[in-house]
Amino acid sequence: MNGALRVAPRGWGTYRSIVAAVRAAGPGATVSVQPGTYAENIVLDQGVRLVAEKGPGTVRIVGGRAAAVTVRGEAGLRDLVIEGGGGEPAVLVTAGGALVEGCEITGGRVHVTGTAAPVLRDCRVHHAGEVGVYLAGDSTAALERCQITDIDSAGVFVDHGAAPVVTGTSVSRTGGHGIRVTGSARGSFEGCEVTHTAAASVAVDASAQPLLRDCRFGDSAAAGVVVTGEAGAPHGGAVARSTESAALADLGADEEDSSAGGEYAGGESGVILHGCEITRTAHDGVHVTSRAVVSLVRCRISDVRAVGVLVSGAARLRVEDTTVTDAAGTGLAVGDDARVDVRRGTLLRLGANGVYAADDARLDLSGSSIDETAYSAVHACGTSRVKVRSCRVNGAREDGLRIAAHALVSVADTTVEGVGLAGLAVDGGDMAAVGCRISRSGTGISLDTGHRPLVRDCEVSDCTGSGIDIAAHTVALVADSRITGVGGTGVHVREGAAPWITDTSVADVQGSGVVVQKLAEPRVRGLSVARTGKNGLFLADGAAGRFEYCDIGEAGFPALYVGAGAEPLLRGCLIHDTDEGLRVADDARPVLEACRSVNVRSGDLPEEAKGDAPVGAGVPVPVAGAGLGDGTAGAALEPQRKGGPRDVKAESLNDVLEELHGLVGLEGVKQDVKTVVKVMQMVRRRTEAGLASPPLSRHLVFAGNSGTGKTTVARLYGRILAALGLLSRGHLVEADRAMLVGEYVGHTAPKTTAVFRRAHGGVLFIDEAYSLTPSGQGADFGREALATLVKLMEDHRDDVVVIVAGYPDEMERFVDANPGLASRFTRTLVFEDYAGAELVRIVEWHAKQHQYELPGDTQEALAAYFDTLVRDDRFGNGRTARQTFQRMTENHAKRVVDLSASTTDDDLVTLLPQDLPALPG
């Protein structure tokens with residue numbers, strides 16, 4: 001029978017039971033039920049629709065020992081109250097695509113199994129017993145805008161191979177999990193809300209792999225989301241070895257760490273939480289363990305009473321654009337053999353560490369920020385390996401990054417500000433820090449380890465303690481770094497330490513520039529120390545070490561102090577512009593070779609120290625003033641800087657020109673400088689003869705790429721002008737945008753003036769000068785700095801020479817930015833990139849200085865290596881050559897150590913082609 005059938009407890013023309021009406025109905029018929037309570041067990045298997053005629057809540061169907069309603073095919077239920085009993089389901093769907101709308105289901109669960117694909121829309125499931133909605137088999141149920149509440153255990157339980165689509169559904173007040181997904185289940189949850197659960201809001205285990213998008217989980221009495229087992233792992237839970245190399249490469253792990261799994265290098269995979277919010281949990285926000293694979297993308301985890309995200313076991317986690325805030329514990333904790341990749345994460349206001357890595361964990365942290373942590377922002381210990389790239393750390397009460405036990409951390413292009421202890425602290429582990437900026441902290445960098453940490457191209461500024469503190473018996477490599485404005489010592493080398501320090505500058509520190517303690521033996525080369533409150537270089541009693549081609553000036557105490565029993569070697573060093581140059585205690589035995597002093601009032605170097613002593617001659621030089629105490633007497637001398645320039649021991653012009661022409665390459669620059677010198681000599685001769693001088697501008701533009709020797713030539717140019725008598729001192733003052741431009745209105749002009757005054761009698765060298773005229777920023781303070789600079793150049797045109805430097809195209813734009821610049825910078829010196837053969841010569845020079853040899857086949861391999869390098873914006877010319885030599889010595893050390901007892905003297909000094917570094921990429 002087709003059409004509409006009516007069911008009512010009484011009345012003519014109606015069925016007394018729903019079962020009877022269903023039996024009489026044909027496929028597609030509608031059974032309209034009058035208000036009342038019907039104690040029946042209804043089976044729908046031919047597309048019949050049951051409808052409460054008077055609307056929601058008027059019809060109650062109460063099941064007995066079986067399901068109240070069983071659906072085996074296409075069917076419909078609307079606006080009914082369905083009540084189960086005796087532990088049986090209220091609604092059982094085993095096949096077909098039933099549509100259940102606006103129904104209230106209580107006293108028993110909704111049970112979907114087989115291949116059923118029902119739709120539950122706008123339904124309310126409550127007080128259903130152990131489970132609210134149970135989805136199993138290979139079913140593909142859809143839950144839309146449903147409410148599931150007051151359940152003894154799990155609100156929604158997804159089992160076996162079910163793959164539901166759940167949207168806009170809320171789960172609350174459960175005695176267990178809000179949502180549990182297990183077996184090999186899949187499915188998606190979108191726009192759902194789970195609150196007030198006794199166990200985790202969401203639990204995923206076995207080999208399940210759900211997607212949760214734009215969901216909210218909160219007020220859990222346990223964790224927010226727990227993922228365990230092999231959930232999310234590829235191929236139904238078995239770790240796919242074929243995907244390991246891609247995942248590990250994305251995490252930066254070595255090939256030997258191939259025990260990992262999880263295919264998430266290319267994007268979201270595994271168990272995915274996208275755009276979800278997890279808040280107010282009694283335990284961890286997200287807990288991933290065992291061999292689970294999880295992706296957290298654009299999620300927010302806040303106000304949790306334990307760890308924000310905890311990863312353990314052999315789990316794999318990918319985190320992207322996700323925030324963890326206001327956790328009582330650590331923001332992200334990684335342990336055991338877990339692997340975690342975090343990109344653009346934010347960790348804020350944490351009760352312990354920002355990131356904690358332990359055991360054999362691997363963590364890659366990039367583009368992220370960590371702010372306001374009660375402990376260290378990043379703490380690595382155990383045998384963990386951590387990569388930190390392009391991150392920002394601010395406001396940690398302890399260390400910015402702390403590397404302990406046997407952990408290995410590489411940190412690059414990262415800023416650390418406002419931490420209570422050290423910006424970077426190595427305490428037993430190993431670290432490579434490149435391109436980092438540490439400011440407003442206690443100690444800038446603290447190194448205490450039996451490994452050999454690397455600090456390269458880092459900046460430390462405005463710290464209250466030391467810039468770099470190298471603990472007793474520590475061997476470290478510090479290169480191309482800058483330390484400014486610290487309240488203590490620039491670099492403190494503790495007892496027995498033996499660091500290598502190259503091409504590093506220390507300036508404007510309240511303590512000494514470099515302090516070397518007893519038995520320490522640093523190797524220092526190319527160090528620049530300026531404007532120190534105490535000594536430039538303080539060598540304590542019993543100290544040693546080698547100091548080559550160092551520049552020390554403007555010290556408050558004696559620029560160089562050598563304590564009793566100290567035996568340092570100083571070669572090719574310059575001491576200048578200071579009240580007292582050198583002070584040596586009794587029994588000190590310093591060796592000074594080919595050193596110079598300029599503008600030193602007292603404590604000058606002895607003549608024996610200024611000769612061209614052969615390298616390694618090792619002849620102790622007696623120094624006047626020995627035995628004058630602890631090196632602090634110079635503090636009582638009043639600086640003599642208020643009058644005219646001091647007498648400078650003029651250098652020979654030929655000597656300086658010879659030094660210029662000894663540089664590798666730069667043939668065009670050398671010729672230009674030679675022309676400028678001849679013009680200046682002619683100007684001087686015409687002036688002495690009473691003739692009018694031709695127009696002459698001593699200011700220059702240096703246009704060239706990185707590492708082409710612009711700073712070196714600028715320093716020589718100042719010395720040339722001093723030798724010609726055109727500058728009183730000839731010293732070089734380096735500046736950049738940060739030193740010239742203020743942050744607020746009215747700050748720029750005083751800053752620019754202060755820097756300009758320091759260059760009085762010498763050369764002001766402004767690197768990357770084009771940054772003073774940023775494109776498209778009309779109100780930038782850099783233009784004020786330029787206007788101030790142009791006026792100062794006019795007012796002091798005979799006292800200061802200004803050299804502006806930068807990339808060729810940018811410098812052309814810079815000169816055109818201010819009408820006064822073009823008239824003052826009339827000559828541009830172009831610094832061409834070094835050819836491959838010239839780079840080989842630079843490496844040869846470094847090798848000779850460090851007592852290495854380069855056989856012919858190594859030189860040929862070097863030439864081929866340099867010819868192969870891509871010359872993009874990252875190519876560093878001379879800096880690349882120096883870095884290549886450094887990598888070669890490191891590879892040489894690894895190779896020679898493996899030779900053990902068979903090592904010969906030739907092996908110790910010979911660099912072979914196999915020592916070349918691998919080509920980038």
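Is Cys463 buried or exposed? Cys463 is buried, with a relative accessible area of 3%; here, buried means under 20% relative accessible area, exposed over 50%, and partly exposed in between, for a 1.4 Å probe and protein chains only.

The model is predicted, so local features need pLDDT of at least 70 and side-chain atom pairs count only at pLDDT 80 or more, while totals for chains, interfaces and linings use all residues. Residues are numbered from 1 along each chain as its sequence is written, and side-chain values use heavy atoms, with hydrogens and water left out.

**Cysteines.** Zero disulfides (pairs of cysteine sulfur atoms within 2.5 Å) are found in the whole structure. The sulfur of Cys276 has its closest cysteine sulfur in Cys215, at 4.7 Å, which is too far for a bond. Cys276 is also buried, at 2% relative accessible area.

**Aromatic rings.** Rings of Phe, Tyr and Trp (its six-membered ring) pair if their centres lie within 6.5 Å; planes under 30 degrees apart count as stacked, over 60 as edge-to-face and the rest as tilted. The count comes to six aromatic pairs, among them a tilted pair of Tyr770 and Tyr807, with 6.2 Å centre to centre and 35 degrees between the planes. Tyr770 is buried, at 13% relative accessible area, whereas Tyr807 is partly exposed at 28%.

**Charges over a ring.** A charge sits over a ring if NZ of Lys or CZ of Arg is within 6 Å of the ring centre and within 35 degrees of the ring normal.

| Charged residue | Ring | Distance from ring centre |
|---|---|---|
| Arg452 | Trp500 | 5.7 Å |
| Arg523 | Trp500 | 4.7 Å |
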